[in-house]
Amino acid sequence: MKSFINVSDIGPLDKAMAEAFEIKNDRFKYQHLGKNKTLMMIFFNNSLRTRLSTQKAAMNLGMNVIVLDVNAGAWKLETERGVIMDGDKSEHLLEAIPVMGCYCDLIGVRSFAGLTDREYDYAETVLNQFIKYSGRPVFAMETATVHPLQAFADLITIEEHKTVERPKVVLTWAPHCRALPQAVPNSFAEWMNAAPDVDLVITHPKGYELDPKFIGNAVVEYNQKKAFEGADFIYAKNWSNPGVTNLADYGKITCEDRSWTVDTEHMSWTNNGKFMHCLPVRRNLIVTDDVIESPNSLVIPEAANREISCSVVIKRMLGAL
């Protein structure tokens with residue numbers, strides 16, 4: 001595996017899931033694979049779970065780890081070609097990337113959407129430059145449009161906690177005070193669609209439709225109560241307007257309806273549903289205290305599984321070196 005961005009990169013999901021549970025039972029089983037190998041983690045944006053879980057996964061596999069926070073300790077990087085660099089950016093990404101590749105064997109990249117230019121964001125411009133110019137296998141630690149390590153961990157969590165063979169999983173939009181990318185919901189929808197035994201429903205206000213390539217075969221239901229009825233898992237996440245129905249709305253907050261906040265009443269519509277969220281979460285905006293603190297909340301086990309999903313990805317990349 002030379003790159004990891006979408007669910008198709010992982011290959012057959014049943015094998016990936018079996019590998020995840022194998023690693024969860026013995027996290028150091030493949031430590032020999034990373035001996036004398038180095039992972040470079042490059043962060044253009046803040047991180048807690050991704051930084052810690054990825055570093056822990058790499059260490060479990062015997063790797064050395066270098067962490068570069070581009071915004072705190074590195075030269076400011078220019079990402080566009082043809083720019084006269086007479087401003088505050090001292091180095092171009094096209095020189096920085098191959099230099100980074102000289103010092104490592106694998107690269108993980110985290111770079112969010114700018115939310116101003118949909119074409120630029122959905123072209124995954126920054127990530128693809130690393131793939132093209134680093135000379136190293138590259139995996140996404142969240143990008144402008146996807147967060148596959150999170151979605152893989154979500155699928156592991158659902159498999160561990162499901163009580164029926166084919167659970168109903170609902171991805172619900174929830175309000176937020178800031179414009180957020182669509183990366184997490186995009187990947188969640190993509191991975192749930194790829195899973196053979198999940199019924200996915202996506203619910204959100206009209207105008208917040210995700211890109212069709214991520215929606216896939218999911219049912220889109222604009223009535224949140226109807227979507228929640230009989231659900232086994234509720235995955236709450238805010239996203240800004242994807243600009244699918246109106247490009248001019250891309251990256252904007254076009255709905256602030258607080259009735260979409262997931263509370264006890266919402267969860268009462270479900271089949272004793274489990275609550276999920278990728279974290280960090282704005283309490284009493286995305287979800288109320290009583291829901292996230294309830295016995296049916298899976299946010300901590302879900303976060304813990306980030307170590308497992310990342311271990312599978314890094315293990316496979318090491319095996320391909």
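At what angle do helix α6 and helix α12 pack, and how far apart are their axes? Helix α6 (residues 148-161) and helix α12 (residues 299-319) pack at about 115°, and their axes lie 8 Å apart. The model is predicted: local features need pLDDT of at least 70, side-chain atom pairs count only at pLDDT 80 or more, and totals for chains, interfaces and linings use all residues. Residues are numbered from 1 along each chain as its sequence is written, and side-chain values use heavy atoms, with hydrogens and water left out.

- Axes are lines fitted to C-alpha atoms, for helices over the stretch in contact, with angles from 0 to 180 degrees between N-to-C directions.
- Helices are DSSP runs (H or I, at least four residues), as are strands (E, at least two), numbered from the N terminus.
- In the contact (heavy atoms within 4.5 Å), α6 contributes residues including F152, I156 and H161, and α12 contributes residues including P301, I308 and V313.

**Helix α1**
- Helix α1 (residues 13-25) has 13 residues and reaches 18 Å from its first C-alpha to its last.
- L13, A16, M17, E19, A20 and I23 are buried in α1, where buried means under 20% relative accessible area, exposed over 50% and partly exposed in between (1.4 Å probe, protein chains only).
- D14, K15 and N25 are exposed on the face of α1 turned away from its buried side.
- The cover of the buried residues of α1 includes α6, α7 (183-194) and α12.

**Helix α5**
- V126, L127, Q129 and F130 are buried in helix α5 (residues 125-133).
- Among the elements covering these buried residues of α5 are β2 (38-43) and α3 (93-102).
- G135, which follows α5, has a positive phi near 75°.

How values were computed: The expected span of a helix is 1.5 Å times one less than its number of residues.
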